Amino acid sequence: MCGIIGYVGGGNAAEIILGGLKRLEYRGYDSAGAAFLSDGKIQLIKKQGRVEKLAPLLKEIHSRTGIGHTRWATHGVPSDINAHPHCAGGIAVVHNGIIENYAELKAELISGGAKFVSDTDSEVVAHLLLKNYRGDLVFALRETVKLLKGSYALMAICESEQRIAVARHKSPLIIGYGADGNFCASDEPALAGLCNTITILEDGDIAEISEKSVKIFDRFFNPVTRNEEPNLAVSASLGLDGYPHYMLKELNETPLSVEATARAFEGVKERFREELAGVRRVILTGCGTAYHAALIGKRYIECFARIPAECETAGEFRYKNPVIDEHTAVFAVSQSGETADTVEAARLALSLGAKVIAVTNSHRSELTRIATVSVPVAAGPEICVAATKSYTGQIAALYLSAAVLAGEKFYADCAEKIRLIPNLLTLTLESLDMRSLAHVCASSSGVYFLGRDLDYAVALEGSLKLKEISYVAGEGYPSGELKHGTLALIDVNTTSVVIITDEELAGKSGNAVEQVLSRGGKVAVITSLEGVKEKFSGKLPLVVLPKCDKYLSPLLSAVAVQMLAYKAAAVLSREIDKPRNLAKSVTVE
Ligand code: F6R
């Protein structure tokens, strides 16, 4: 998945595209490029690496129409050649998505004489546009998309037309209306400060964007009117506010995330209760960190409401022929609300008659739009690729959702308990000192995060975060399973981080600590329990968390493991906010 932006108007297209690409870089940063219309010719500039590399080259461009792209590579290595835009004849195109039938299309185009230069799937679109061009770019795009399988948000320009043709299918695309021209982009942040109103295109839509007008057509090429909405990204502050990284800034915003999410929940509580009345079974789904939040949500729903709940990564859920009926509720958890696997899982659940609950930080995302009801996560913009405050917000939203399902009185009690969390998180953030443990983890051959029940779910998150931003290998493991295999990996070069926040399970997880110690492995314990502190004090590194309700303890221990990952990545001088090979928003399957 990638970020794309286009502009046509009276302003300086190069400056506008560059600014937009910088704001879109969280969607991919393997390469960046742009194409402009200048004196009836296409000017193409593209480079492997960060958007910043384009800046000096774009100074030379004088144009009022352009399209730009920031890439997360799926087909073809990151390189100048594979960077977008791709061109054929006098046509240039940028693409976000995957053309699944590109190999057949490419073979056919080559047999017709087309010359390909890149290894991307996207280049076929440029050649198809050229093949279908009869003096009308929008018509050519319409004919082209008929042949494509997969997902796409496309923007194309042509040297003989002063307009941009766009199309979308399963990849996000919006149009923005400015005072001095019109825009198109993957999402609102790209257009922050550029326009006050936007239109979110629907699947199958094709549009023609000119300086003074925008025409939208549906999948049957009938002219349609789509709603204009305010561009909420206009006033968003995306600065670092003095922090060295967005990740640290966002970790420090976790108290606000929980507080705002709990407040926002009040606004949807009744609707949520009504929609879920009579639900007999719950499935929770998501990817990566959102899946880890879903695991915690599953426990809440079973423990609080005694409704059977399952949890499945979205990519797996879709292909399991899930047993779903109208008494099933599917919680789709996603920071971005755009993750292709999660959105498609939600669509599948809806088609089988389930109620879908979107738990998302992105209130105008595709997931929000298709869901039966949305439970907002109010974490605010999360810029760092690694999720932090959205995860704590998701846990808070799932906690309150489960509480509602358990009844009025239970909910009132939980709402009271969660009110204490922002202060406890602030205390945790103030008291955490992860420096020496971070050094130990950074120099370990493997780091194992262990825990039981809710602590296990947090262990998975700790392990993912450490891998993702420090590139130190390891695993999240249920501490009871250690002796069934993973113990063989433990030696003096490994570190185990054991999370113990549940009184009833403390003895069992304590056994895992002893097992690792007796094999010579290094161990640290994260705990909020007095007994555990006493037992291990002076014997191994202890990270002590404030006392907290057992079910809400994941909020505090999550911040601890995420901070540990952050500090370890800092020790290793990693590029923390933009880890290699990744992107914030995964809109391909
Ligand atoms: C890890 C991380 C990813 C995301 C995953 C899902 O730090 O951020 O694992 O959680 O890609 O993304 P969303 O929540 O946007 O669906």
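Modeller: Gladly, with the reminder that this is a predicted model. Domain 2 (240-419) and domain 3 (425-576) both contribute residues to the shell around the ligand, so the ligand lies between them.

Colleague: What makes up the domain assignment of the protein chain?

Modeller: The assignment, which comes from an automatic or database source, gives domain 1 (3-230), domain 2 (240-419) and domain 3 (425-576). The C-alpha centres of domain 1 and domain 3 are 45 Å apart.

Colleague: Which residues come nearest to the ligand?

Modeller: A residue counts as near if one of its heavy atoms lies within 4 Å of the molecule. The ligand has 14 residues around it, and of these Ser-334, Gln-335, Ser-336, Thr-339 and Glu-468 come nearest. By class, the shell consists of six nonpolar, six polar and two charged residues, while helix H8 (288-305) and helix H16 (454-470) each supply at least two of its residues.

Colleague: How much of the ligand's accessible area does the protein cover?

Modeller: On its own the ligand has 410 Å² of accessible area, and the protein covers 89% of this. The space that the ligand takes is the second largest pocket.

Colleague: What makes the peptide bond between His-84 and Pro-85 a cis one, and where is Pro-85 found?

Modeller: The bond that joins His-84 and Pro-85 has an omega of about 0° and is cis, and Pro-85 is found in the loop between strand S4 (65-71) and strand S5 (86-88). Most peptide bonds are trans.

Colleague: What is the phi of Tyr-471?

Modeller: Phi of Tyr-471 is near 65°, a positive value in a residue other than glycine. Most residues other than glycine have a negative phi. Tyr-471 is located in the loop between H16 and strand S22 (474-478).

Terms used. Residues numbered from 1 in each chain as written. Predicted model: local features only at pLDDT ≥ 70, side-chain atom pairs only at ≥ 80, totals over all residues. Heavy atoms only, no water. Areas by Shrake-Rupley, 256 points an atom, 1.4 Å probe, with all protein chains shown as cover. 1 Å grid on protein atoms, 1.4 Å probe; cavity = no way out; pocket = protein on both sides within 12 Å on 5 of 7 lines; lining within 4 Å. Sits in = over half its atoms within 2 Å of the grid points. Helix = DSSP H or I, 4+ residues; strand = E, 2+ residues; numbered from the N terminus. Nonpolar A, V, L, I, M, F, W, Y, C, P; charged D, E, K, R; others polar.
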